[in-house]
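Open the model in your viewer. Keep the selection tool at hand and follow the stops below.

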Amino acid sequence: MNFRVVCYPMASDSEEGRRLRPELLCEASRPQLREYAPNVAVLPWGATEAHGSHLPYTTDNVQAEAFAARAAAIARERGARPVVLPVVPFGSNAQQLDQVATCHLSVSTVLGVLRDVVRSMTTQGIDRLLIVNSHGGNEFRPFVRDLQFEFKALIVVADFWRMRPELRREVFDVPGDHADESEASLLLHLRPDLVRMADAGRGERLPFRIEGLSQPGVWTPRPWAAIHPDTGSGDPRMASADKGRRYFEGVSEAIAEVIVGLSRALPGDVPYFGGEYGDEPAGLH
Ligand SMILES: [Zn+2]
(Lines give C-alpha, C1' and ligand atoms only; values in the text may rest on other atoms or scores of the structure.)
Protein backbone atom coordinates (compact mmCIF):
# COMPACT_ATOMS: atom_id res chain seq x y z
CA MET A 1 0.00 0.00 0.00
CA ASN A 2 1.30 3.43 -0.89
CA PHE A 3 0.93 5.98 1.92
CA ARG A 4 3.20 8.60 0.43
CA VAL A 5 1.85 12.11 0.09
CA VAL A 6 -1.09 11.57 -2.21
CA CYS A 7 -0.60 14.51 -4.55
CA TYR A 8 3.01 13.60 -5.11
CA PRO A 9 2.85 9.80 -5.35
CA MET A 10 6.17 8.08 -5.06
CA ALA A 11 7.22 4.77 -6.50
CA SER A 12 6.05 1.74 -4.59
CA ASP A 13 7.36 -1.79 -4.89
CA SER A 14 3.86 -3.26 -4.78
CA GLU A 15 1.48 -3.79 -7.69
CA GLU A 16 -1.17 -1.84 -5.77
CA GLY A 17 1.16 1.12 -5.44
CA ARG A 18 1.89 1.26 -9.17
CA ARG A 19 -1.77 1.13 -10.20
CA LEU A 20 -3.52 4.48 -10.60
CA ARG A 21 -6.29 4.67 -8.06
CA PRO A 22 -9.58 6.23 -9.19
CA GLU A 23 -10.50 7.13 -5.59
CA LEU A 24 -7.57 9.57 -5.46
CA LEU A 25 -8.30 12.69 -7.49
CA CYS A 26 -4.61 13.52 -7.78
CA GLU A 27 -3.85 10.21 -9.46
CA ALA A 28 -6.99 9.58 -11.51
CA SER A 29 -7.57 10.60 -15.11
CA ARG A 30 -10.78 12.15 -16.42
CA PRO A 31 -11.97 9.03 -18.32
CA GLN A 32 -11.24 6.95 -15.23
CA LEU A 33 -13.31 9.29 -13.05
CA ARG A 34 -16.21 9.49 -15.54
CA GLU A 35 -16.51 5.73 -15.46
CA TYR A 36 -16.06 5.55 -11.69
CA ALA A 37 -18.67 8.30 -11.01
CA PRO A 38 -17.78 9.20 -7.41
CA ASN A 39 -20.64 10.27 -5.14
CA VAL A 40 -18.73 11.17 -1.94
CA ALA A 41 -15.95 13.76 -1.80
CA VAL A 42 -13.36 13.25 0.94
CA LEU A 43 -11.42 16.37 1.88
CA PRO A 44 -8.28 15.90 4.00
CA TRP A 45 -7.55 19.06 5.99
CA GLY A 46 -4.32 19.50 7.93
CA ALA A 47 -1.98 22.28 9.03
CA THR A 48 1.71 23.11 8.64
CA GLU A 49 3.24 23.81 12.04
CA ALA A 50 6.06 22.90 14.41
CA HIS A 51 5.76 19.38 15.85
CA GLY A 52 8.48 19.24 18.48
CA SER A 53 12.04 18.63 17.32
CA HIS A 54 11.40 15.09 16.10
CA LEU A 55 8.52 15.45 13.62
CA PRO A 56 8.18 17.51 10.42
CA TYR A 57 5.98 20.57 10.00
CA THR A 58 3.84 18.56 7.56
CA THR A 59 2.90 15.90 10.13
CA ASP A 60 -0.81 16.76 10.10
CA ASN A 61 -0.96 16.73 6.29
CA VAL A 62 0.68 13.31 6.09
CA GLN A 63 -1.87 11.98 8.58
CA ALA A 64 -4.92 13.58 6.94
CA GLU A 65 -3.96 12.35 3.47
CA ALA A 66 -3.03 8.86 4.60
CA PHE A 67 -6.22 8.34 6.63
CA ALA A 68 -8.33 9.66 3.75
CA ALA A 69 -6.55 7.52 1.14
CA ARG A 70 -6.56 4.33 3.20
CA ALA A 71 -10.20 4.74 4.27
CA ALA A 72 -11.27 5.48 0.69
CA ALA A 73 -9.46 2.36 -0.57
CA ILE A 74 -11.20 0.18 2.05
CA ALA A 75 -14.56 1.78 1.26
CA ARG A 76 -14.12 1.29 -2.50
CA GLU A 77 -13.45 -2.41 -1.95
CA ARG A 78 -16.88 -2.47 -0.25
CA GLY A 79 -18.63 -0.88 -3.20
CA ALA A 80 -18.50 2.78 -2.15
CA ARG A 81 -17.52 5.51 -4.63
CA PRO A 82 -15.43 8.10 -2.78
CA VAL A 83 -12.97 10.53 -4.32
CA VAL A 84 -10.22 11.98 -2.14
CA LEU A 85 -9.52 15.64 -2.91
CA PRO A 86 -6.06 17.23 -2.43
CA VAL A 87 -5.18 17.99 1.17
CA VAL A 88 -5.64 21.57 2.41
CA PRO A 89 -2.20 22.06 3.95
CA PHE A 90 -2.84 25.16 6.12
CA GLY A 91 -4.96 25.37 9.23
CA SER A 92 -5.88 27.56 12.17
CA ASN A 93 -2.53 28.46 13.72
CA ALA A 94 -2.97 31.92 15.25
CA GLN A 95 -1.47 30.68 18.53
CA GLN A 96 1.67 29.40 16.73
CA LEU A 97 2.56 32.53 14.78
CA ASP A 98 5.62 33.05 16.98
CA GLN A 99 7.13 29.92 15.41
CA VAL A 100 9.19 30.36 12.26
CA ALA A 101 7.36 30.17 8.92
CA THR A 102 4.02 29.09 10.37
CA CYS A 103 1.04 30.10 8.18
CA HIS A 104 -2.38 30.74 9.74
CA LEU A 105 -5.66 30.64 7.86
CA SER A 106 -8.23 33.01 9.34
CA VAL A 107 -11.83 31.82 9.66
CA SER A 108 -13.00 33.88 6.68
CA THR A 109 -10.40 32.12 4.49
CA VAL A 110 -11.38 28.68 5.78
CA LEU A 111 -15.05 29.42 5.13
CA GLY A 112 -14.18 30.67 1.64
CA VAL A 113 -12.21 27.54 0.76
CA LEU A 114 -14.79 25.17 2.21
CA ARG A 115 -17.67 27.02 0.57
CA ASP A 116 -15.99 26.89 -2.85
CA VAL A 117 -15.22 23.17 -2.47
CA VAL A 118 -18.82 22.40 -1.50
CA ARG A 119 -20.17 24.58 -4.31
CA SER A 120 -17.85 22.90 -6.84
CA MET A 121 -18.78 19.40 -5.73
CA THR A 122 -22.54 20.02 -5.61
CA THR A 123 -22.37 21.61 -9.08
CA GLN A 124 -21.12 18.23 -10.30
CA GLY A 125 -23.78 16.29 -8.41
CA ILE A 126 -21.54 15.22 -5.51
CA ASP A 127 -23.65 16.29 -2.53
CA ARG A 128 -21.89 14.33 0.23
CA LEU A 129 -18.63 15.61 1.69
CA LEU A 130 -16.48 14.13 4.41
CA ILE A 131 -13.79 16.35 5.95
CA VAL A 132 -10.97 14.26 7.40
CA ASN A 133 -9.47 16.70 9.90
CA SER A 134 -6.08 16.11 11.51
CA HIS A 135 -5.48 19.42 13.32
CA GLY A 136 -7.01 20.25 16.70
CA GLY A 137 -7.20 23.99 15.98
CA ASN A 138 -9.41 23.47 12.90
CA GLU A 139 -13.06 23.91 13.75
CA PHE A 140 -15.61 23.40 11.01
CA ARG A 141 -18.91 23.01 12.81
CA PRO A 142 -20.35 26.54 12.40
CA PHE A 143 -19.38 26.49 8.72
CA VAL A 144 -20.90 23.07 8.17
CA ARG A 145 -24.20 24.20 9.67
CA ASP A 146 -24.34 27.17 7.28
CA LEU A 147 -23.07 25.42 4.14
CA GLN A 148 -25.18 22.31 4.58
CA PHE A 149 -28.27 24.48 4.62
CA GLU A 150 -27.09 26.69 1.75
CA PHE A 151 -26.11 23.88 -0.63
CA LYS A 152 -28.49 21.10 0.50
CA ALA A 153 -25.45 18.88 0.88
CA LEU A 154 -24.61 16.44 3.64
CA ILE A 155 -21.30 17.50 5.18
CA VAL A 156 -19.62 15.34 7.82
CA VAL A 157 -16.52 16.10 9.90
CA ALA A 158 -14.24 13.32 11.16
CA ASP A 159 -11.62 14.49 13.68
CA PHE A 160 -9.48 11.37 13.40
CA TRP A 161 -7.97 11.57 16.91
CA ARG A 162 -11.44 11.59 18.51
CA MET A 163 -12.40 8.35 16.74
CA ARG A 164 -11.91 4.92 18.32
CA PRO A 165 -11.05 6.33 21.80
CA GLU A 166 -10.85 2.81 23.27
CA LEU A 167 -8.24 1.86 20.64
CA ARG A 168 -6.29 5.01 21.40
CA ARG A 169 -6.20 4.11 25.11
CA GLU A 170 -5.28 0.52 24.31
CA VAL A 171 -2.43 1.29 21.89
CA PHE A 172 -0.70 4.26 23.52
CA ASP A 173 0.90 4.51 26.95
CA VAL A 174 1.16 8.27 27.45
CA PRO A 175 -1.73 10.65 26.69
CA GLY A 176 -1.02 13.73 24.59
CA ASP A 177 -2.41 15.74 21.71
CA HIS A 178 0.44 17.18 19.67
CA ALA A 179 3.75 15.71 18.49
CA ASP A 180 3.03 13.14 21.19
CA GLU A 181 3.30 9.37 21.26
CA SER A 182 0.32 8.96 18.93
CA GLU A 183 1.52 11.38 16.25
CA ALA A 184 5.11 10.14 16.47
CA SER A 185 3.88 6.54 16.11
CA LEU A 186 1.72 7.42 13.11
CA LEU A 187 4.65 9.15 11.40
CA LEU A 188 6.98 6.25 12.22
CA HIS A 189 4.48 4.05 10.39
CA LEU A 190 3.63 6.37 7.50
CA ARG A 191 6.80 8.37 6.85
CA PRO A 192 9.71 7.10 8.99
CA ASP A 193 12.10 8.98 6.71
CA LEU A 194 10.77 12.25 8.20
CA VAL A 195 11.13 11.29 11.90
CA ARG A 196 14.12 12.00 14.17
CA MET A 197 13.21 10.32 17.47
CA ALA A 198 16.67 11.03 18.90
CA ASP A 199 15.68 14.72 18.99
CA ALA A 200 12.38 14.13 20.82
CA GLY A 201 11.67 16.23 23.92
CA ARG A 202 9.23 15.49 26.75
CA GLY A 203 6.28 17.47 25.38
CA GLU A 204 5.75 19.24 28.67
CA ARG A 205 2.62 21.32 29.34
CA LEU A 206 2.89 24.27 31.73
CA PRO A 207 -0.24 25.46 33.59
CA PHE A 208 -2.00 28.78 32.95
CA ARG A 209 -0.99 31.36 35.56
CA ILE A 210 -4.45 32.88 35.80
CA GLU A 211 -6.53 31.04 38.37
CA GLY A 212 -9.81 29.52 37.37
CA LEU A 213 -8.99 28.87 33.70
CA SER A 214 -8.30 25.16 34.04
CA GLN A 215 -11.79 24.14 35.11
CA PRO A 216 -13.99 21.92 32.96
CA GLY A 217 -16.20 24.01 30.71
CA VAL A 218 -13.87 27.04 30.70
CA TRP A 219 -11.81 27.55 27.56
CA THR A 220 -9.27 29.85 25.98
CA PRO A 221 -6.65 28.79 23.39
CA ARG A 222 -3.18 27.86 24.59
CA PRO A 223 -0.47 30.42 23.61
CA TRP A 224 1.41 27.46 22.27
CA ALA A 225 5.12 28.02 22.83
CA ALA A 226 4.52 29.60 26.28
CA ILE A 227 2.58 26.54 27.44
CA HIS A 228 4.55 23.88 25.52
CA PRO A 229 8.27 24.85 25.63
CA ASP A 230 9.38 22.23 23.05
CA THR A 231 6.10 22.70 21.05
CA GLY A 232 5.02 19.12 21.83
CA SER A 233 2.07 18.23 24.05
CA GLY A 234 2.60 14.75 25.46
CA ASP A 235 5.74 12.63 25.83
CA PRO A 236 6.49 10.92 22.49
CA ARG A 237 9.37 8.74 23.59
CA MET A 238 7.42 5.47 23.76
CA ALA A 239 6.30 5.82 20.14
CA SER A 240 6.75 2.94 17.70
CA ALA A 241 5.87 2.12 14.11
CA ASP A 242 3.87 -0.88 15.27
CA LYS A 243 1.69 1.26 17.55
CA GLY A 244 1.22 3.64 14.64
CA ARG A 245 0.17 0.81 12.31
CA ARG A 246 -2.40 -0.60 14.75
CA TYR A 247 -3.95 2.78 15.43
CA PHE A 248 -3.83 3.79 11.76
CA GLU A 249 -5.59 0.65 10.57
CA GLY A 250 -8.27 0.84 13.28
CA VAL A 251 -9.13 4.48 12.67
CA SER A 252 -8.99 4.01 8.87
CA GLU A 253 -11.60 1.25 9.22
CA ALA A 254 -13.81 3.61 11.22
CA ILE A 255 -13.48 6.36 8.60
CA ALA A 256 -14.19 3.82 5.85
CA GLU A 257 -17.42 2.94 7.63
CA VAL A 258 -18.49 6.60 7.37
CA ILE A 259 -17.64 6.69 3.66
CA VAL A 260 -19.56 3.49 2.92
CA GLY A 261 -22.60 4.83 4.77
CA LEU A 262 -22.50 8.15 2.92
CA SER A 263 -22.01 6.51 -0.47
CA ARG A 264 -24.93 4.10 0.00
CA ALA A 265 -27.31 6.69 1.48
CA LEU A 266 -30.59 7.26 -0.33
CA PRO A 267 -32.58 10.49 -0.06
CA GLY A 268 -34.58 10.24 3.13
CA ASP A 269 -31.92 8.24 4.97
CA VAL A 270 -31.66 10.86 7.73
CA PRO A 271 -29.59 13.01 7.85
CA TYR A 272 -29.26 12.77 4.04
CA PHE A 273 -32.06 14.46 2.13
CA GLY A 274 -30.65 14.50 -1.41
CA GLY A 275 -31.51 18.09 -2.29
CA GLU A 276 -34.54 18.31 0.00
CA TYR A 277 -34.15 19.65 3.51
CA GLY A 278 -36.06 18.24 6.40
CA ASP A 279 -39.59 17.17 5.51
CA GLU A 280 -40.43 20.24 3.45
CA PRO A 281 -39.85 20.36 -0.33
CA ALA A 282 -36.73 22.18 -1.53
CA GLY A 283 -37.41 25.77 -2.49
CA LEU A 284 -39.48 26.64 0.56
CA HIS A 285 -36.42 27.67 2.53
ZN1 LIG B 1 -0.27 17.33 14.61
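On a 1 Å grid over the protein atoms alone, a pocket is an open set of points where a 1.4 Å probe fits, with protein on both sides within 12 Å along at least five of seven lines; lining residues have an atom within 4 Å of a point. This is a predicted model, where local features need pLDDT of at least 70 and side-chain atom pairs pLDDT 80 or more, while totals for chains, interfaces and linings use all residues. Residues are numbered from 1 along each chain, and side-chain values use heavy atoms, without hydrogens or water.

**Stop 1**

Now trace the chain: His 51 sits in the loop between β1 (40-45) and α3, and Glu 183 in helix α7, 132 residues apart. Both His 51 and Glu 183 are buried, meaning under 20% relative accessible area with a 1.4 Å probe, protein chains only.

**Stop 2: the largest pocket**

Select Gly 136, Gly 137, Asn 138, Glu 139 and Arg 162. Of the 49 lining residues, these lie nearest the centre of the largest pocket. Next, show α3 (59-77), α4 (107-123), α5 (141-151), β4 (154-159) and α7 (181-190): each supplies at least two lining residues.

**Stop 3: the second largest pocket**

Select Leu 25, Leu 33, Arg 34, Ala 37, Pro 38, Val 83, Leu 85, Met 121, Gln 124 and Ile 126. They line the second largest pocket.

Note on methods:
Helices (H or I, at least four residues) and strands (E, at least two) are DSSP runs, numbered from the N terminus. Buried means under 20% relative accessible area, exposed over 50%, partly exposed in between (1.4 Å probe, protein chains only).
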